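Here are some notes to read alongside the structure. Take the points one by one, and find each residue in the viewer as you go.

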Amino acid sequence: MSFTLRDHVAAPAHVASLALAATLLAVSACGTTAHPAADATTVDAPAPDGPVDAPPAACPAVSAVQPRPMHDQVLAPPGLPTVTMRYVEAGTGPTTFVLLHGIPTSSYEWRNVIPGLAELGRVVAPDLIGFGASDHPDRDLDFAEHVAYLGAFLDGLALDHVILVVHDLGSVAGLAWAAQHPDRVRGLVAMESLIPDTIPASVAQSPSGCTAAMPDAPACLWLFFRSPAGQSAIVDGNFFIDNALAGEPCPPSPAALDAYRATFPTPASRLHLANGPALVPVDGVPATFAPMLADYARWLETSTIPKLVLYSSPGFLSPAAVAQRAAATWHSTEARDVGRAFHFIPEVQPAAVTQAIRDWYARAF
């Protein structure tokens, strides 16, 4: 590997995240190919309210307050250590929304989405193991273990016919679980997720073969994050919080950033954050998880449950082009623009996310 992101790591937070987001946006729009299902039913995405690259006049006000208490659930999946997962719950009713966060966040990122969804039914938002107030094991967890702990959590609360709302790492755990338990899923909302066009990743998708000074394909970014320089950026530089989160075009408030920093205050506490990108297979390596990702990619294309893919401008993992291809190639799927953001959409655009889900729910159910 000859490329380096030394300029990204040294640059101000906004510049660093802008460069990374713009790179993946360009790659997703132009450099990868969707994999359509032969019998897919397409639901056209509603037209955006304005041009994709037109930012709002001002960033929305976002509260940093999480007024809800957390609950405990002890999990003991077969063959895995017993842990405690903590979660937030609100609302009642036959519909249950399960909200799954990404790296390096927690259920806290959904605090301003929960009230609007709680008017529709029950809402459950866990801190995945290793994040937020849930147990932080001394060792790294792989994708399969995240799926097992999530499954034990959903079993413990006897949750069936759920609507999954997934982001980033939560998309891997949630989608893999859904592919294994399709009869327990009623609907899906995905945002900034590891979905086709982002996976499977291959160096062949890179015009430079991942030798350019900046990553020019998703695979190059995963490879960078598992390199010594990338690991140092995550662990020593607190990249995910101080660069990626703080570098959003509508950045979280200082109070919100401090809430996330409190979970990972030291380099030692951030060691396992560096493990996540290393789990995404690039050209099938590591081989362990390529079949899991392929299974849920097939499920996304063929499942007939209603699905919604939210995207932002400019976006990062799944910007407009990726979301719109999903709407065109998956069964019963639509895409919707929720405004100005790179990656942490629930944190910076909660009102737009809530309204998009409510509108979709009214149409689909």
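**Notes on the model**

1. Let's begin with the whole chain. Of the protein's 365 residues, 56% count as buried. Please keep in mind throughout that this is a predicted model. The protein has 14 helices and eight strands. It exposes about 13,400 Å², and carbon and sulfur atoms supply 58% of that area.

2. Next, contacts along the chain. Take the contacts in the protein with a separation of 6 or more: residues 24 or more positions apart account for 76% of them. You will meet examples of such pairs below.

3. Now for the disulfides. How many does a search of the whole structure find? The search finds two. Counting the bonded cysteines along the chain, the pattern is 1-4, 2-3.

4. Cys250 has 3% relative accessibility, so it counts as buried. Cys59, at a relative accessible area of 35%, is partly exposed.

5. The other pair is Cys210 and Cys220, whose sulfur atoms lie 2.1 Å apart. Cys210 is in the loop between strand 6 (185-193) and helix 6 (218-225) and Cys220 is in helix 6, so the bond ties together parts that are ten residues apart in sequence. With a torsion of about -90° about the S-S bond of Cys210 and Cys220, this disulfide is left-handed.

6. Check the burial of this second pair too. Cys210 counts as buried because its relative accessibility is 1%. Cys220 is buried as well, with a relative accessible area of 0%. Cys210 has another feature to look at: its phi is near 60°, a positive value in a residue other than glycine.

7. Asn238 is another residue to check for its backbone angle. Its phi is positive, about 50°, although Asn238 is not a glycine. Asn238 is found in the loop between helix 7 (228-235) and helix 8. Its relative accessibility is 6%, so Asn238 counts as buried.

8. A cis peptide bond joins Ile103 and Pro104, with omega about 5°. Pro104 lies in the loop between strand 3 (96-100) and helix 3 (114-118). The bond from Val285 to Pro286 is also cis, and its omega is near 0°. Pro286 belongs to the loop between helix 10 and helix 11 (290-302).

9. What about empty space inside the model? Rolling a probe the size of a water molecule over the atoms shows where empty space is left. The count comes to five cavities of 30 Å³ or more. The second largest cavity has a volume of about 80 Å³.

10. Which residues line the second largest cavity? They are Ile103, Phe131, Leu141, Phe143, His146, Leu169, His272, Asn275, Gly276 and Leu279. By class, the lining has six nonpolar, four polar and no charged residues.

11. Finally, have a look at Gln66, in the loop between helix 2 and strand 1. Gln66 has 22% relative accessibility, so it counts as partly exposed. Leaving aside residues up to four places away in sequence, Gln66 touches Val88, Tyr108 and Arg111. Gln66 and Tyr108 are 42 residues apart in sequence, and their C-alpha atoms are 6.9 Å apart in space.

Terms used:
Residues numbered from 1 in each chain as written. Predicted model: local features only at pLDDT ≥ 70, side-chain atom pairs only at ≥ 80, totals over all residues. Heavy atoms only, no water. Disulfide = S-S within 2.5 Å. Buried < 20%, exposed > 50% of the residue type's maximum accessible area, 1.4 Å probe, protein only. Helix = DSSP H or I, 4+ residues; strand = E, 2+ residues; numbered from the N terminus. Contact = heavy atoms within 4.5 Å. Areas by Shrake-Rupley, 256 points an atom, 1.4 Å probe, with all protein chains shown as cover. 1 Å grid on protein atoms, 1.4 Å probe; cavity = no way out; pocket = protein on both sides within 12 Å on 5 of 7 lines; lining within 4 Å. Points joined across faces, edges and corners; volume = space filled by probe spheres on them. Nonpolar A, V, L, I, M, F, W, Y, C, P; charged D, E, K, R; others polar.
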